[in-house]
Amino acid sequence: MTAFGGTDFSAGAAFIDGAYAPIGEARIPILDWGFLKSDSTYDVVHVWKGSFFRLEDHLDRFERSVAGLRMTLPHSRAEIAGILTECVRLSGLREAYVQMLCTRGVPPPGKRDPRDCTNRFVGFAIPFVWIADAGQRARGLHLIVSSVPRIAPESVDPTIKNQHWGDFVRGLFDAYDRGGETTVLVDRQGNLTEGPGFNIFAVRGGKLFTPARGVLLGITRRTVIELCEEIGAEVEVGALAADALGDADEVFISSTAGGVMPVTRIDGRALGDGKPGPLTTRIHDLYWSKKEAGWHATPIDYGDAARARAGD
Ligand SMILES: Cc1ncc(COP(=O)(O)O)c(C=O)c1O
């Protein structure tokens with residue numbers, strides 16, 4: 001148990017309104033527009049083997065998202081990095097899913113003008129989250145190309161990480177009804193976009209393809225592109241027709257919540273020989289081995305937590 005002064009943070013730790021709390025006790029005021037109107041933005045960075053992965057890149061994207069929604073963070077970038085580190089340190093988690101959020105806040109009584117709100121920052125660390133479980137990662141996911149269209153990027157900008165998940169959640173239920181495990185949504189032009197919490201890649205003739213438009217510019221997507229440069233694999237970032245996905249040699253998804261994860265069935269049909277493909281496996285293995293070796297790592301000093309544990 002990780003306990004500080006008798007408080008158990010082992011299920012996760014949160015920071016809200018200037019104080020740290022066990023994750024199960026942290027509360028957001030119900031009048032905050034982040035809750036009432038999905039008027040918020042967030043980012044997720046993970047911790048693996050006691051180090052953040054690409055922390056500065058996640059902070060960069062978070063700051064861009066906050067500015068994009070015309071919000072102002074109540075803390076400096078260095079303070080936010082410190083708060084996130086403290087959440088992880090309190091939890092004692094060596095593998096963690098670490099979220100930073102900025103919500104619009106609560107308007108003054110009787111008013112509805114977002115300019116009158118004081119924006120709120122929330123941070124938390126919980127155990128690592130995987131989009132695909134161990135069995136799914138070994139055999140590959142069954143992906144359904146959804147009949148639910150992705151919210152248009154002109155309405156909700158997907159490059160600003162947001163909580164407008166109505167289309168994704170409908171898409172997930174659609175996928176479950178059709179025997180699948182997850183889903184990818186399509187835009188009005190019939191091109192693939194992204195899925196609930198991930199970007200998508202297809203491989204054809206040794207070349208990789210990933211959608212350019214209508215997607216979050218995923219940090220794992222960028223990591224995959226960098227790994228492809230390293231191994232000399234060509235990546236085309238452009239339009240990817242949804243109805244051609246089933247003809248790909250390989251498909252995989254990318255996310256902070258699990259890295260590189262293979263897809264081996266699409267709409268009920270096996271892709272190729274039905275096993276994770278060679279390029280997917282190569283990129284997956286390189287992703288994990290480079291992370292193990294400290295690539296883009298920001299180590300966390302757990303010193304006090306270890307001392308507190310020893311004293312508990
Ligand atoms: C909609 C969406 N697309 C893509 C991603 C993948 O982005 P990243 O690799 O930065 O985690 C996420 C991450 O949660 C997401 O929510």
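# Exercises on a ligand site and selected residues

The ligand is surrounded by 17 residues, and the closest are Lys 161, Glu 194, Ile 219, Thr 220 and Thr 256. Here a residue counts as near a molecule if one of its heavy atoms lies within 4 Å of it. The model is predicted: local features need pLDDT of at least 70, side-chain atom pairs count only at pLDDT 80 or more, and totals for chains, interfaces and linings use all residues. Residues are numbered from 1 along each chain as its sequence is written, and side-chain values use heavy atoms, with hydrogens and water left out.

## Exercise 1: the ligand

**Solution.** 
- Step 1. Take the nitrogen side. A polar side-chain atom of Glu 194 lies 2.7 Å from a nitrogen atom of the ligand.
- Step 2. Take the oxygen side. Thr 220 places a polar side-chain atom 2.6 Å from a ligand oxygen atom. Thr 256 also has a polar side-chain atom 2.6 Å from an oxygen atom of the ligand.
- Step 3. Check the cover. Alone, the ligand exposes 390 Å², and the protein buries 93% of that. These areas come from the Shrake-Rupley method with a 1.4 Å probe; for residues, only the protein chains shown count as cover.
- Step 4. Sort the shell by class. The shell has 6 nonpolar, 8 polar and 3 charged residues. Ala, Val, Leu, Ile, Met, Phe, Trp, Tyr, Cys and Pro count as nonpolar, Asp, Glu, Lys and Arg as charged, and the others, Gly among them, as polar.
- Step 5. Name the contributing elements. Helix 6 (219-231) and strand 14 (250-255) each supply at least two shell residues. Helices (H or I, at least four residues) and strands (E, at least two) are DSSP runs, numbered from the N terminus.

## Exercise 2: positive phi

Where do Lys 49 and Arg 70 lie, and are they buried or exposed?

**Solution.** 
- Step 1. Lys 49 is exposed, because its relative accessible area is 53%.
- Step 2. The loop between helix 2 and helix 3 (77-91) holds Arg 70. Arg 70 is not a glycine, yet its phi is positive, about 55 degrees. At 75% relative accessibility, Arg 70 is therefore exposed.

## Exercise 3: sequence and space

**Solution.** 
- Step 1. Gly 68 lies in helix 2 (residues 55-68). Its relative accessible area is 42%, so Gly 68 is partly exposed. Gly 68 and Ile 83 are 15 residues apart in sequence and 23 Å apart in space.
- Step 2. Val 88 belongs to helix 3. Val 88 is buried because its relative accessibility is 0%.
- Step 3. Leu 172 sits in helix 5 (residues 166-177). With a relative accessible area of 16%, Leu 172 is buried. Leu 172 and Leu 217 are 45 residues apart in sequence and 21 Å apart in space.
- Step 4. Leu 240 is in the loop between strand 13 (235-238) and strand 14. Leu 240 counts as buried, at 11% relative accessibility. Leu 240 and Pro 276 are 36 residues apart along the chain, with 20 Å between their C-alpha atoms.

Notes:
Buried < 20%, exposed > 50% of the residue type's maximum accessible area, 1.4 Å probe, protein only. Polar contact = N/O pair within 3.5 Å; in protein donor to acceptor, adjacent residues only side chain to side chain.
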